[in-house]
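Hi there,

Here is the structure I promised to pass on. Have a look at it first, and then read my notes below.

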Amino acid sequence: MELRFTPEEIAFRDDLRRFFREKIPAEIRRKVAEGRHLEKEDIVTSQRILNAAGLATPNWPVAWGGKDWTPVQRYIFTEEMQRAAVPLPLQFNVFMVGPVIAAFGSEEQKKKFLPATANLDIWWCQGFSEPGAGSDLASLKTRADKKDGKYIVSGQKAWTTLGQHADWIFCLVRTDREAKKQRGISFLLIDMKSPGITVRPVITIDGGHEVNEVFFDDVEVPAENLVGEENKGWDYAKFLLANERTGIARIGLSKQRLARAKRLARETESGDGMLWDDPDFRRRVAEIEVGLKALEITQMRVVANQRHRDSDKPDPASSILKIKGSELQQATTELLLEVAGPYAIPAPEHDQPEGWNEPAVAPAWADAAAPLYFNYRKVSIYGGSNEIQRNIIAKAFLGL
Amino acid sequence: MDFDLTEEQRLLKESIDRFVADNARDPGAHGAAPDDKALWSSIAELGLLAIPFSEEEGGIGGGPVETMIVMEALGRGLINAPYLPTVVLGGGFLRLGGSEAQRQEFIPQIVDGSLTMAFAQLEKQSRYDLHDVTTNAKRDGDSYVLDGRKGVVLGGDTADLLVVTARTSGARRDEKGITLFLVDGNAEGVSRRGMPSQDGQRVAEISFDNVRVPAGRVLGAVDGGLPLATHVVDVALAALCADSLGAMEELHRLTVDYLKTRQQFGVAIGSFQALQHRAADMLVAVEQARSMAMYAAMMAEESDAAERRPAIAAAKAQVNRSARSVGQEAVQLHGGIAMTWEYKAGHYFKRLTTAELMFGDTDHHLRAVMEAGGLVEEV
Ligand SMILES: Cc1cc2nc3c(=O)[nH]c(=O)nc-3n(C[C@H](O)[C@H](O)[C@H](O)COP(=O)(O)OP(=O)(O)OC[C@H]3O[C@@H](n4cnc5c(N)ncnc54)[C@H](O)[C@@H]3O)c2cc1C
């Protein structure tokens with residue numbers, strides 16, 4: 001048992017630290033640190049810088065731009081990226097569709113899509129969920145009927161994150177309506193410019209536009225856009241969802257938020273002194289720090305054990321990381337809300353009235369605290385809700 | 001011991017419940033923005049603005065229980081109207097501390113709906129402490145001159161009349177030396193920047209730059225404004241507890257309804273025991289909040305601060321706790337739909353969160369309970 005990194009791993013970490021701080025524009029990292037809205041351009045810029053350095057897709061096969069890193073290196077990479085408040089490479093590209101195409105796609109698909117996906121020349125979105133198929137994803141109804149060498153797709157996808165920016169969407173569609181639920185599903189790549197696709201924005205409670213509904217009205221999709229075999233889509237989706245085991249907990253992000261809350265508490269007046277002088281507040285911070293450390297070591301154990309893992313055995317690791325990781329992310333947003341306190345109540349419009357030049361009563365960062373808290377309720381809902389994760393542990397692992 | 005409403009209170013509740021059913025706000029619905037002026041006039045017509053004032057002053061002589069009935073209904077209907085700043089806070093200041101002349105001048109205008117008020121108290125450094133005041137008031141002949149800045153003033157962008165805490169003597173955090181002023185919202189030297197709050201109400205930053213206030217507009221005793229302000233804020237806290245209670249009840253109802261109708265895996269999700277227990281816990285939290293909102297209503301007019309303060313603080317601490325868990329659980333049990341602006345649940349969650357941060361968070365109030373020696377006598 002050894003917790004410390006080797007000297008090589010430390011050098012690897014320090015190189016990454018330097019790279020992230022020096023190469024990713026500070027303005028973009030500041031937005032991430034403050035939990036503010038990122039423009040499409042910010043995400044593209046950042047991913048292209050990573051990609052130029054060969055760092056956008058380390059989890060891919062080496063032949064397609066991946067890195068032959070040890071699990072520990074991978075872990076350090078994710079961790080440092082989050083701590084430096086670098087926007088994560090677009091999840092849909094890097095952790096979802098990229099690995100699926102690399103593993104199950106045809107040679108043509110690999111050539112056509114992988115380099116462009118790595119460089120974010122193609123922006124992907126994920127078309128899995130539907131209004132009637134959330135936790136029960138396999139009940140999805142969007143259908144793709146084969147006709148004259150094409151698929152004709154009709155139906156509706158819901159919750160399509162950043163679909164408004166997307167060039168392509170990867171979808172689960174029903175290709176066999178007779179087969180049992182999971183059996184009749186295929187994995188289809190669809191150009192968002194195809195006639196018959198409509199994207200409708202869905203505004204979230206924090207006022208942001210990050211999700212959409214996507215409607216398909218007899219959309220023609222060339223048969224060559226099918227990934228792998230017809231009716232095997234569920235297997236590819238399972239592969240996709242199991243793929244990113246160690247990034248899921250977002251420990252680096254929570255650490256960065258917690259560190260920020262501590263700094264802000266030191267700058268925030270409360271009573272006779274500063275909020276940081278308040279032992280009740282510090283105790284709560286300490287509680288979250290203890291939880292984070294426990295999760296961090298849990299994650300390291302998962303990473304270290306990946307070497308000798310029998311992939312057929314049920315493993316609760318992903319579910320543990322998801323449940324605890326999302327709870328801690330939410331706890332850090334609650335902490336920031338607490339620091340902002342009453343100054344989090346106003347939601348100032350950005351334009352000030354003519355002639356208003358009074359310094360603000362509330363600190364400039366405080367108006368982002370409540371929207372961030374509201375928005376982060378999502379992390380225990382999506383990606384398999386925390387209830388579904390508990391079901392997985394109870395059923396698949398505990399045999400209950 | 002009696003937790004029942006009187007016959008009059010029951011009638012009031014029925015009429016306001018009907019009103020709220022007709023005027024409930026649905027922020028996610030498309031269509032024209034609600035007409036705030038018309039809403040305020042109908043609230044006036046219903047007689048709700050007259051509730052806490054004595055009959056001689058044109059009121060109906062109601063107490064905190066009547067106020068609770070109104071606020072609970074406003075919370076349940078997500079209704080945004082400056083009832084708390086005008087009737088509860090502004091009216092509270094006039095009732096509990098106004099001179100004869102001030103009451104005669106302003107209360108009838110509140111009752112007929114022509115005057116709105118706001119309480120300008122919070123400052124850059126004050127956080128939740130009412131006595132932390134740097135806004136300065138200097139005597140000059142037969143008036144005072146006010147200088148300073150206030151923030152997060154609920155209803156402050158359009159209020160006709162402001163109650164302002166200012167320092168007439170002492171240091172920043174001294175309990176003595178605070179004086180309350182009635183300041184015309186449009187007086188020379190008052191500038192305001194209005195903005196929405198996170199839950200769609202209105203708040204303002206207000207700056208006072210050499211604002212001249214006649215000595216006749218001092219509310220209560222010079223240098224002795226804090227006890228009055230504390231009492232009025234306690235009355236407002238009781239009202240806020242009721243608003244949150246109303247919001248929680250409705251949010252819980254929405255959630256239970258959704259559990260019964262949403263189907264996944266071929267069954268209503270409410271058939272999963274994991275979710276049933278959570279909905280049951282939500283009910284426990286709502287009922288704990290209801291009890292404490294009632295407790296607050298029964299204690300709000302107690303003039304002995306040593307009795308009243310820990311009771312009100314305890315109520316707000318409990319209601320905050322319940323609000324946090326009911327809000328979060330409601331969103332979680334709904335799943336993604338509660339994350340959308342179009343659906344109502346998220347707006348209740350935001351109203352509850354905003355109310356939590358008004359006039360003291362949970363820690364602030366737990367500390368007040370602690371400093372008062374707790375609630376349970378040692379035997
Ligand atoms: C902000 C956001 C972004 C998203 N982005 C995407 C995206 O890009 N692409 C995409 O395909 N999807 C996306 N999703 C959809 C997400 O995956 C679903 O919201 C999620 O699967 C839950 O489904 P649901 O919202 O329909 O809730 P439901 O499945 O209806 O669940 C409602 C409640 O019931 C619980 N529940 C359901 N089944 C059980 C059970 N068997 N036992 C116990 N409890 C149960 C749930 O945990 C939840 O609390 C996004 C969602 C959100 C909120």
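A polar contact is a pair of N or O atoms within 3.5 Å; within protein, one must be able to donate a hydrogen and the other to accept it, and residues adjacent in sequence count only if both atoms are side-chain atoms. By that rule, three residue pairs (both at pLDDT 80 or more) are in polar contact across the interface of domain 2 and domain 3 of chain A.

This is a predicted model, where local features need pLDDT of at least 70 and side-chain atom pairs count only at pLDDT 80 or more, while totals for chains, interfaces and linings use all residues. Residues are numbered from 1 along each chain as its sequence is written, chains are lettered from A and ligands numbered from 1 in the order in which they are written, and side-chain values use heavy atoms, leaving out hydrogens and water.

Back to the two domains, whose bounds come from an automatic or database domain assignment: domain 2 covers 124-232 and domain 3 covers 248-346 + 363-397. Five residues of domain 2 are in contact with six of domain 3 in chain A (heavy atoms within 4.5 Å). K378(A) and E210(A) form a salt bridge at 2.7 Å, N to O (a side-chain nitrogen of Lys or Arg within 4 Å of a carboxyl oxygen of Asp or Glu).

Now for the chains: 61 residues of chain A are in contact with 55 residues of chain B. The rule finds eight salt bridges across this interface, and R284(A) and D363(B) meet in a salt bridge at 2.7 Å, N to O.

Happy exploring!
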